[in-house]
Amino acid sequence: MVAVHTGSCLCGGTAFEAAAPLRDVIACHCTQCRRTSGHYWSATSVQLDRFRLTRDETLRWYRSSAEAARGFCGTCGASLFWKPEGEERLAIAAGAFDGATGLVTDSHIFTESAGDYYRPEGPPPPPAAKPARLSCSCLCGGAAFDLPGPAGEITACHCRQCRKLSGHYSASFDADEAHIDWRRRDTLGTYETPGRGQRGFCTRCGSSLWFRSSAGEFSVEAGAVSGPTGGRLTSHIFVASKGDYYGIDDGLPQSGGW
């Protein structure tokens, strides 16, 4: 019997089924994937004849290049799909699956475009620059803002919510929201999470931008920063909820919850 994997965005407005076999996961560190996911994107791939949308009310597509389009949820902003032009396959965010995938991370690509705050494999490098200002934006440029730098300590979160929204897991740093200087927010959307927090994302391209907790704490997605962040990944939280398709090999402190 063929195994069928189910998945969805966080709000459930877009859901799918993908029948085995699925390709092992590839982690992409290109600028586009980092910008849309807020960290970097990890995806499997399936032939289109083995894929089926079971709900698509909130599915939106953004043409990110001449070669491909990106699918995301227009309600919660979850990064879901990457569809290459002229190919009968679809890349699916590994973090979007509901349960265990049974997959492994096979390789990392575009590693030369990785952020300055982490390494694709192994311990993160020390901060090489300490910019006084950080410039942030979504992929399409419809939402853009500046804030004081450097980013400082960056935390990776592996909770179900962050994995569903980013498509892998999130990496963000604390910021004072009062010091955010918006340059554009024409396409800015927000989504209230089950915990009464709010996620800020671009409604045109799906890029993840920031999170505001129910208590008012504000954090910015590290992948939204253009250029050096001046920050460094320092810890992993909610690792008890991490995906089965990757390990954590950077030697940083880990916590099952907060």
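**Close-up views of a predicted model**

Ala143 stands opposite Arg185 in strand S15. The structure shown in these views is a predicted model.

**View 1. The open sheet around S12 and S15.** The pair Ala143 and Arg185 belongs to the region where strand S12 (residues 143-148) and S15 run antiparallel, joined over four bridges. These strands are part of an open sheet of four, ordered S15-S12-S11-S20, with antiparallel pairing. Strand S15 (181-185) and strand S20 (225-226) each have a single partner strand and stand at the edges, so one side of each is left without a neighbour in the sheet.

**View 2. The protein chain as a whole.** Two helices and 21 strands make up the secondary structure of the protein chain. Taken along the principal axes, the C-alpha atoms fill a box of roughly 55 × 40 × 35 Å. Of the 258 residues, 53% count as buried. Among contacts between residues at least 6 apart in sequence, 63% join residues at least 24 apart.

**View 3. The largest pocket.** The largest pocket has a volume of about 520 Å³. Its lining comprises 20 residues, of which Ser172, Phe211, Ser219, Ile237 and Trp258 are the closest to the centre. At least two lining residues come from each of strand S13 (153-157), helix H2 (160-166), strand S14 (170-174) and strand S19 (218-221). The largest share, four residues, is supplied by S14. By class, the lining of this pocket contains nine nonpolar, six polar and five charged residues.

**View 4. The second largest pocket.** A volume of about 340 Å³ is found for the second largest pocket. Of the 18 residues that line this pocket, Cys28, Cys33, Trp82, Ile109 and Phe110 lie nearest its centre. Strand S3 (25-28), helix H1 (31-37), strand S4 (41-47), strand S7 (68-73) and strand S9 (89-93) each contribute at least two residues to the lining. The lining divides into 11 nonpolar, three polar and four charged residues.

**View 5. The largest cavity.** Rolling a probe the size of a water molecule over the atoms shows where empty space is left. In the whole structure, three cavities of 30 Å³ or more are found. The largest cavity holds about 40 Å³ of space. The residues lining this cavity are Cys76, Gly77, Leu165, Arg199, Gly200, Phe201 and Ser208. Strand S17 (residues 198-202) gives the most to the lining, with three residues. Three of the lining residues are nonpolar, three are polar and one is charged.

**View 6. Surroundings of Cys76.** Cys76, one of the residues that line the largest cavity, is placed in the loop between S7 and strand S8 (79-84). Cys76 has 2% relative accessibility and therefore counts as buried, the limit being under 20%. Leaving aside residues up to four places away in sequence, Cys76 touches Cys9, Leu10, Cys11, Leu165, Tyr191 and Phe201. Among these contacts, Leu165 and Phe201 also belong to the lining of the largest cavity. Arg212 lies 136 residues from Cys76 in sequence, and the two are 14 Å apart in space, C-alpha to C-alpha.

Definitions and conventions: Residues numbered from 1 in each chain as written. Predicted model: local features only at pLDDT ≥ 70, side-chain atom pairs only at ≥ 80, totals over all residues. Heavy atoms only, no water. 1 Å grid on protein atoms, 1.4 Å probe; cavity = no way out; pocket = protein on both sides within 12 Å on 5 of 7 lines; lining within 4 Å. Points joined across faces, edges and corners; volume = space filled by probe spheres on them. Nonpolar A, V, L, I, M, F, W, Y, C, P; charged D, E, K, R; others polar. Buried < 20%, exposed > 50% of the residue type's maximum accessible area, 1.4 Å probe, protein only. Contact = heavy atoms within 4.5 Å. Pairing = 2+ DSSP bridges.
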